[in-house]
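This briefing is intended for readers who have the sequence and the model at hand.

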Amino acid sequence: METAHVLVAADKFKGSLTAVQVAERVTAGLRRVVPGVRVETLPVADGGDGTVAAAVAAGFERREARVTGPLGDPVTAAYAVRDTTAVVEMAEASGLQHLPAGEFAPLTATTYGSGELLAAALDAGARTIVFGVGGSATNDGGAGMLAALGARFLDGDGNPVGPGGAALAGLAEADLSGLDPRLADVDLILASDVDNPLTGPKGAPEVYGRQKGATEDDIAVLDAALAHYASLLGPETAELPGAGAAGGIGYGALVALGARFRPGIDVMLDVLGFAPALARATLVVTGEGSLDEQTLHGKAPAGVAAAARAAGVQTVAVCGRLALPPEALAGSGISRAYALTDLEPDPAVCMAQAGPLLERAAEAIARDFLS
């Protein structure tokens, strides 16, 4: 029998464990049952929060920049660099994590800091930028980002419009002539698990506005303002997949920065070196906090399982909670899923004890697949 070589390629368990911690706990559990098993870890992310951390775990250098947060206050944001490739995560600059608990600003939050973070990557010599978008606090169509990179957005009196999506209703002129010329020579990859258009019933405000604190009235205001903004910059681009990502920052990147959209997990698997790691593996362990219907639509475990299945390598998953039937799991290429809630049904206890519980789940994987 060939020697087992397990590749642990899981995303974070949001709110309890980082992707790196998930890998550590799974490794510990596997080795408790099969002490000599070869385990290789490759924490993964799909473009949302945790993307820079995954790149750093794969050998990228972590850098920091002081940028403008979503409310206009300065924040420290991280990005990652290796050779001439940078990984930039918009949530580091413009994410919900920068808002005080219980405070939202759906109408006025800005992506200006995300533009500053892209500029920092350019300053670092990046020729390829993987721009992971997700977890945003914003709904400004990327206008703030573009302004930080040299664009000008003016009202009828020739003054700059205010920050946030709502102010775009008063936009009279969009001048992109001042955009940083270095952008023309960069391959900018928009990495997202979201393929929504900018506006309309499947657009950014309607689908994602509520989780950023938007009321029904706010959503109507934002949708109209973003439609007006797109009418000046390029309405056809607003319909493209990914335009609605992260409050429309995808649109700004596509229409003005020459970005090309790719599913976030596909980009990250390339960047992280998943293919050579997979070639060494006899079993893959993937996972995330909740395996549910969303998982099947471009989330990290689905991307990992699809790649493993194409290579003929069996995949199992770990998760906090499981909300998919066995046939859906099998259809995605996952042979079996191990949920922490099967070991501890109380959700609060389960999250608090996620680490030890995950080790127990990994012991079960070792008994079922390695012994």
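Predicted model: local features only at pLDDT ≥ 70, side-chain atom pairs only at ≥ 80, totals over all residues.

Which strands does helix α9 lie across, and at about what angle does it run to β10? Helix α9, residues 264-272, lies across β4, β5, β6, β9 and β10, and its direction is at about 85° to β10.

**Sheet**

- An open sheet is formed by 6 strands in the order β3-β4-β5-β6-β9-β10, with mixed pairing.
- Strands β3 (61-68) and β10 (260-263) are the edge strands, each of them pairing on one side only.
- On average, and with direction ignored, neighbouring strands of this sheet are turned by 30° against each other.
- Strand β5, residues 85-89, pairs with strand β6, residues 128-132, in the parallel sense over 5 bridges.
- Within this pairing, Val88 has Phe131 in β6 as its bridge partner.

**Helices across the strands**

- Helix α8 (residues 249-256) lies across β6, β9 and β10, and its direction is at about 155° to β9, which spans residues 187-192.
- Helix α9 also lies across β6, β9 and β10, together with β4 (74-82) and β5.

**Salt bridges**

- The structure contains 20 salt bridges.
- One of them joins the side chains of Arg63 and Glu61, with an N to O distance of 2.9 Å.
- Arg63 counts as partly exposed because its relative accessibility is 27%, and Glu61 is likewise partly exposed, at a relative accessible area of 42%.
- Glu206 and Arg210 form a further salt bridge, in which the closest N and O atoms are 2.9 Å apart.
- Glu206 has a relative accessibility of 28% and therefore counts as partly exposed; Arg210, at 38%, also counts as partly exposed.
- Arg25, Arg32, Glu359, Glu363 and Arg367 are linked in a network of salt bridges.

**A link between distant parts of the chain**

- The side chains of Asp292 and Arg321 meet in a salt bridge with an N to O distance of 3.8 Å.
- This pair connects distant parts of the chain, 29 residues apart: Asp292 belongs to the loop between β11 (283-291) and α11 (300-310), whereas Arg321 belongs to strand β12 (residues 314-322).
- Is Asp292 buried or exposed? Asp292 counts as buried because its relative accessibility of 18% falls under the 20% limit.

Methods
Residues numbered from 1 in each chain as written. Heavy atoms only, no water. Salt bridge = Lys/Arg side-chain N within 4 Å of Asp/Glu carboxyl O. Buried < 20%, exposed > 50% of the residue type's maximum accessible area, 1.4 Å probe, protein only. Helix = DSSP H or I, 4+ residues; strand = E, 2+ residues; numbered from the N terminus. Pairing = 2+ DSSP bridges. Axes fitted to C-alpha atoms, helices over the stretch in contact; angles between N-to-C directions. Contact = heavy atoms within 4.5 Å.
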